[in-house]
Amino acid sequence: MSLISRTLTLACAAAMLPLGAAAADAAWPTKPVRLVVAFPAGAPGDIISRLIQPGLQKALGQPVVVDNKPGAGGNIGMQEVLRANDSHTVLVGPDTMLTINPFLYKKMGFKPMEDFVPVTQLAGFSQELVCHPSVGVKTLPELLAAAKKTPMSYASGGPGVPGHMAMELLLATTGATMQHVAYRGPSPAMQDVLGGAVPCGFLASPVVGPLIKDGKLVPIVVSGSRRLASQPSVPTAAEAGARGYEAGFAEMMTMPRSTPPAVVERLQSEVAKAMASPDVRERLATLDLELLANTPQEAAQRLRTESQRWAKVAERINLQLD
């Protein structure tokens, strides 16, 4: 065989391989898609998953199942997705699973930022510091003053989750002290704050917003850089006196690093379309969830930035959970 013929033969063979792979990826999904939500029902990621499930199911032509696997700040859900590793099992949860957990859990057995690839950041959200009315405080200075006089505790959805980190950053910023009471998700934490078992809580604004509206909880501050559209009178922590403070978070979708890029791109595209539905957008707005639905590349960049920021926070407050 001449050199030219051999070159042409090799080129044709090389060209056929990607086509075959592309055809296989184009057939995805070939079975039901499972959204493993790493937090309990009622958490922002769970709410979003159930909102987009009908549209996503219709677009993909396969059943889409929402499966809650809460625990250990999202670690149990991550382990479940890595164990399946089948390109049909998707992780849903806050970005803290990837950006914060590696600094808090040294014995995880896997590396979130290396073992997962982002599909998209679904929506941004803030945490909100709230107290039971019986505490008798309405502002951050009043709460901090009360905490200095009498030992106080606060609830969060679990060790290392957004509410925990947001509060620890706030305490570090203000020099105050409060005892952390961890729960298995924001909903049970909210129930105990609502019942007065724990005086205050730092919880996702979509979870506590309706209770604030009903006057059952008193809002103190929000963790993000701007006020919530549904609660314009509630200041940010920075506005309330915690100078330089900001703690915003995002619910996201990720998949194992071995997932074919074409599958990741297809899922992101269909998720973005589902979230663009007027009904979904309206519901997100009522919950103060900021629609993102960004690309895998944009999500990866934001994750890197947040990881660097929270690494410094974890080191500063000397927080480690194992």
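Mentor: One cavity of 30 Å³ or more is counted, a cavity being a set of points on a 1 Å grid over the protein atoms alone where a 1.4 Å probe fits but cannot get out. This is a predicted model, in which local features need pLDDT of at least 70 and side-chain atom pairs count only at pLDDT 80 or more, while totals for chains, interfaces and linings use all residues. Residues are numbered from 1 along each chain as its sequence is written, and side-chain values use heavy atoms, with hydrogens and water left out.

The largest cavity has a volume of about 150 Å³, a volume being the space filled by probe spheres set on the points, which are joined across faces, edges and corners. Its lining consists of 19 residues, and Phe 39, Pro 44, Gln 127, Pro 162 and Pro 186 are the closest to the centre. Lining residues have an atom within 4 Å of a point. At least two lining residues each come from α2 (44-60), β3 (89-94), β4 (116-131), α8 (162-174) and β7 (200-204); helices (H or I, at least four residues) and strands (E, at least two) are DSSP runs numbered from the N terminus. The cavity lining divides into twelve nonpolar, five polar and two charged residues. Here Ala, Val, Leu, Ile, Met, Phe, Trp, Tyr, Cys and Pro count as nonpolar, Asp, Glu, Lys and Arg as charged, and the others, Gly among them, as polar.

Next come the pockets. A pocket is an open set with protein on both sides within 12 Å along at least five of seven lines. The largest pocket holds about 490 Å³ of space. Of its 23 lining residues, Gly 124, Phe 125, Ser 126, Arg 226 and Glu 290 are the closest to the centre. Strands β4 and β9 and helix α13 each supply at least two residues of this lining, which has nine charged, seven polar and seven nonpolar residues.

The second largest pocket holds about 210 Å³. Helix α10 (residues 205-213) gives the largest share of its lining, six residues. Among the residues lining this pocket are Ser 205, Pro 206, Lys 213, Asp 214 and Asp 288. By class, the lining has four nonpolar, five polar and three charged residues.

Phe 125 also belongs to a cluster with Phe 249 and Trp 310, linked by ring pairs. Rings of Phe, Tyr and Trp (its six-membered ring) pair if their centres lie within 6.5 Å.

Technical notes
Rings of Phe, Tyr and Trp (its six-membered ring) pair if their centres lie within 6.5 Å; planes under 30 degrees apart count as stacked, over 60 as edge-to-face and the rest as tilted.
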